[in-house]
Amino acid sequence: MRFTKMQGIGNDYVYVNCFEETVADPAAVARFVSDRHFGIGSDGLILIGPSGTADCRMDMYNMDGSRGVMCGNGVRCVGKYAYDHGLVPGDRRSLTVETLAGVKTIEFTVEEENGRFTARLLTVDMGEARLTSELPEPINVDGRDYSFVGISVGNPHAVYFMDSIDDLRLDRIGPSFEMHPRFQPDRVNTEFIQLVDRNHIRMRVWERGSGETWACGTGATASAAAAILMGYTEDEVEVELRGGKLRIRLDRESGHLFMTGPAVEVFRGDIDIPENL
Ligand SMILES: N[C@@H](CCC[C@H](N)C(=O)O)C(=O)O
């Protein structure tokens, strides 16, 4: 199987061009390639394929093989892949990607690098955020009281505001939120947010199906939406994650959130997929 390893501020996936390749059992392949010791090493698997309604389609799988409905960092990388690999004409500065959360439009800048044109900074129309909890909602996790804001941007998020994220034991509290009865059967992605000022938040994330990742685009969007809803920030927020920064902007007229950030191709390769995964 030929693949391309890409990352969006450290949220890394194995991308397969399904215009050319067929992946018979994506959930099993996701578990296999994601393994950082016995596979390629990634937060999951993303398939890029033909679409009847958009320039291409994204199908994403978490590290544990579960299906993701939407992936913010992933969709930026799909946009970059589609442009850089000629899936759309070179004069385009926007394209569309079909996801399980609807068709996403991406606008991007293009730069010349080593004699080739490449998509650089990508802005995704993430659509509207939907509140899925009280504002905020109390919850007891592992015997401690928290309050969270539940937001869906296609996939489910629980956003928790706290004084400092520096000493957070995400490996302990992350799984407890993910598996809490309140969030079953779908589980949840949990964002731990430190407010810095009215245009700046810091975030760590525990993703359902993948654990701690260095960034989460849908998580950053949901967190900015929660911060704006709570009146903590202005409508444009810089989100600082472990792997870098994303800019999230709420357009009041449309109610849509726009996420801007980079996408990077790291390397390409091929890997034999065992028959009995
Ligand atoms: N890292 C992603 C989100 C991936 C999916 C998530 N774990 C889920 O199952 O909902 C992002 O950048 O948004």
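Asn189 is found in strand β13, which covers residues 189-197. The model described here is predicted. With 28 C-beta neighbours inside 10 Å, Asn189 counts as buried, because the cut-off for a buried residue is 20 or more. Leaving out residues up to four places away in sequence, Asn189 touches Asn155, Pro156, His157, Val205, Glu207, Arg208, Cys216 and Gly219. Two of these contacts, Asn155 and Cys216, are taken up below.

**The annotated positions**

An unreviewed UniProt entry lists Cys71 and Cys216 under "active site". The two span 146 residues in sequence, yet their C-alpha atoms are not more than 7.6 Å apart, so they gather at one spot. Cys71 is found in the loop between β5 (67-68) and α2. Cys216 is found in the loop between β15 (211-213) and α4.

The unreviewed entry also has a "binding site" list in UniProt, made up of Asn11, Asn62, Gly72, Asn73, Asn155, Asn189, Glu207, Arg208, Gly217 and Thr218. Some of these residues touch the cysteines. Apart from residues up to four places away in sequence, Cys71 touches Ile46, Met60, Gly217 and Thr218. With the neighbours within four places again set aside, Cys216 is in contact with Asn11, Gly72, Asn73, Asn189, Val205 and Glu207.

Asn155 lies in the loop between β11 and β12. Beyond four places in sequence, the contacts of Asn155 are Gly68, Val69, Met70, Asn189 and Thr218.

| Residue | Other C-beta atoms within 10 Å | State |
|---|---|---|
| Cys71 | 30 C-beta atoms | buried |
| Cys216 | 34 C-beta atoms | buried |
| Asn155 | 24 C-beta atoms | buried |

**Helices α2 and α4**

Two packed helices are described by the angle between their axes and the distance between the axes. Here helix α2 (residues 72-84) and helix α4 (residues 217-229) have axes that come within 5 Å and cross at roughly 125°. On the α2 side, the contact is made by Gly72, Asn73 and Arg76, and on the α4 side by Gly217, Thr218, Ala220 and Thr221. The residues of this contact divide into 1 nonpolar, 5 polar and 1 charged. Gly72, Asn73, Gly217 and Thr218 in this contact are also on the "binding site" list from UniProt.

**The strands around β11**

Strand β11 (residues 144-152) pairs with strand β9 (residues 130-131) in the antiparallel sense over 2 bridges. In this pair, Leu131 stands opposite Ile151 in β11.

Strand β10 (residues 137-141) also runs antiparallel to β11, and 5 bridges join them. Glu137 stands opposite Phe148 in β11. The hairpin of β10 and β11 has 2 residues between the strands, and Asp142 in this hairpin takes a positive phi near 50°.

On to strand β12 (residues 156-162): 4 bridges join β11 to this strand, and the two run antiparallel. Gly150 stands opposite Ala158 in β12. In the hairpin of β11 and β12, 3 residues lie between the strands, and Gly154 takes a positive phi near 105°.

Definitions and conventions:
Residues are numbered from 1 along each chain as its sequence is written. This is a predicted model: local features need pLDDT of at least 70, side-chain atom pairs count only at pLDDT 80 or more; totals for chains, interfaces and linings use all residues. Axes are lines fitted to C-alpha atoms, for helices over the stretch in contact, and angles run from 0 to 180 degrees between N-to-C directions. Two residues are in contact if their C-beta atoms, placed from the backbone, lie within 7 Å. Ala, Val, Leu, Ile, Met, Phe, Trp, Tyr, Cys and Pro count as nonpolar, Asp, Glu, Lys and Arg as charged, and the others, Gly among them, as polar. Two strands pair if DSSP finds at least two bridges between them. UniProt positions are given in the numbering used here, feature names are shortened, and annotations may be inferred rather than shown by experiment. A residue is buried if 20 or more other C-beta atoms lie within 10 Å of its own, exposed if 12 or fewer, and partly exposed in between; C-beta atoms are placed from the backbone.
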